[in-house]
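Visitor: I have a few questions about how the terms for this model are applied. Could you walk me through them?

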Amino acid sequence: MPPNANYKTNPQAYQIREITVTNKYILKQSSAPGGDFAISITEK
């Protein structure tokens, strides 16, 4: 999450990242006040 993300003052501050995970990986995801996040998981 970008440090200046805020739904009122900067609603289009977002970050896209791509990572490779295994079935043992624990995803830690935070969100800005009033924010949300989306996830896409595909098999390789």
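Guide: Happy to. In this predicted model, the largest pocket has a volume of about 1100 Å³.

Visitor: What makes a residue part of the lining of a pocket?

Guide: A lining residue has an atom within 4 Å of a pocket point. For the largest pocket, 34 residues qualify, and Arg17, Gln29, Ala38, Ile39 and Ser40 lie nearest its centre. The lining divides into 18 nonpolar, 12 polar and four charged residues.

Visitor: Why is Leu27 called partly exposed?

Guide: Its relative accessibility is 39%. Buried means under 20% and exposed means over 50%, so Leu27 falls in between and counts as partly exposed.

Visitor: What makes up the nonpolar surface patch?

Guide: Ile19, Val21, Tyr25, Leu27, Phe37, Ile39 and Ile41 form this patch of about 700 Å². Patch residues need over 30% relative accessible area; Leu27, at 39%, therefore passes that cut-off. Ile39 is also among the residues nearest the centre of the largest pocket.

Visitor: How much of the protein is buried?

Guide: Of the 44 residues, 9% are buried, that is, under 20% relative accessible area. The accessible surface comes to about 4600 Å², with 51% belonging to carbon and sulfur atoms.

Visitor: And how many helices and strands are there?

Guide: The protein has zero helices and zero strands. Its C-alpha atoms fill a box of roughly 40 × 15 × 15 Å along the principal axes.

Note on methods. Residues are numbered from 1 along each chain as its sequence is written. This is a predicted model: local features need pLDDT of at least 70, side-chain atom pairs count only at pLDDT 80 or more; totals for chains, interfaces and linings use all residues. Side-chain values use heavy atoms; hydrogens and water are left out. Patches are made of residues with over 30% relative accessible area and no salt bridge: like charges are joined within 9 Å, nonpolar side chains (Val, Leu, Ile, Met, Phe, Trp, Tyr) within 5 Å. Accessible areas come from the Shrake-Rupley method with a 1.4 Å probe; for residues, only the protein chains shown count as cover. A salt bridge is a side-chain nitrogen of Lys or Arg within 4 Å of a carboxyl oxygen of Asp or Glu. Buried means under 20% relative accessible area, exposed over 50%, partly exposed in between (1.4 Å probe, protein chains only). On a 1 Å grid over the protein atoms alone, a cavity is a set of points where a 1.4 Å probe fits but cannot get out, and a pocket is an open set with protein on both sides within 12 Å along at least five of seven lines; lining residues have an atom within 4 Å of a point. Grid points are joined across faces, edges and corners, and a volume is the space filled by probe spheres set on the points. Ala, Val, Leu, Ile, Met, Phe, Trp, Tyr, Cys and Pro count as nonpolar, Asp, Glu, Lys and Arg as charged, and the others, Gly among them, as polar. Helices (H or I, at least four residues) and strands (E, at least two) are DSSP runs, numbered from the N terminus.
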